[in-house]
Amino acid sequence: MSADNGIYIAKFPDGYRVAYEAGIDNVDYFPVGSNKRKRHLRITFGKSKVFSTKELAYEEAKKMEKDFIKDGHYLEYGVCYIGEYEDFKTK
């Protein structure tokens with residue numbers, strides 16, 4: 001059975017964010033800059049803490065992964081960096 005999940009790091013204009021997600025490919029489904037894409041990015045990363053460097057974000061992601069596995073859950077993709085994204089805040 002596929003879990004299709006992981007802990008993902010993404011770079012945004014305000015810094016790096018970390019989030020757990022199943023089906024992360026959905027963040028790239030809608031066109032860049034569209035309201036639907038911003039909404040999906042906001043749902044996925046909106047409540048996450050902002051880190052100033054990729055290294056700090058990676059440390060947080062590894063802590064999340066450790067806790068996730070300790071609780072008996074499975075991560076199919078582990079920790080992954082998925083690239084740079086636009087601001088998802090509404091204006």
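Residues are numbered from 1 along each chain as its sequence is written, and side-chain values use heavy atoms, with hydrogens and water left out.

The mean pLDDT (the predictor's confidence in each residue, from 0 to 100) of the protein is 93, and 96% of the residues reach 70 or more. Helices and strands were taken as DSSP runs numbered from the N terminus (helices: H or I, at least four residues; strands: E, at least two). Confidence is lowest in helix α1 (residues 35–45), with a mean of 95, and highest in strand β3 (residues 50–51), at 98. Where pLDDT is low, the predicted coordinates should not be read in detail.

A search of the whole structure returned 6 salt bridges, a salt bridge being a side-chain nitrogen of Lys or Arg within 4 Å of a carboxyl oxygen of Asp or Glu. One of them joins the side chains of Asp14 and Lys89, with an N to O distance of 3.3 Å. This pair links distant parts of the chain, 75 residues apart: Asp14 lies in the loop between β1 (5–12) and β2 (15–22), and Lys89 lies in the segment after β4 (79–84). Relative accessible area was classed as buried (under 20%), exposed (over 50%) or partly exposed (in between), using a 1.4 Å probe and protein chains only. Asp14 is partly exposed at 35%, and Lys89 is likewise partly exposed at 40%.

Lys89 also forms a salt bridge with Asp87, the closest N and O atoms being 3.9 Å apart. Asp87 has a relative accessibility of 29% and counts as partly exposed. Through salt bridges that share partners, Asp14, Arg17, Asp87 and Lys89 are joined into one network.

A further salt bridge connects the side chains of Asp28 and Arg37 (3.5 Å, N to O). The two partners fall into separate accessibility classes: Asp28 is partly exposed, with a relative accessible area of 44%, whereas Arg37 is buried, with 6%.

Thr44 is placed in helix α1. With a relative accessibility of 9%, Thr44 counts as buried. Contacts (heavy atoms within 4.5 Å) are made by Thr44 with Ala19, Glu21, Ile24 and Val27, residues up to four places away in sequence not being counted.

Terms used. This is a predicted model: local features need pLDDT of at least 70, side-chain atom pairs count only at pLDDT 80 or more; totals for chains, interfaces and linings use all residues.
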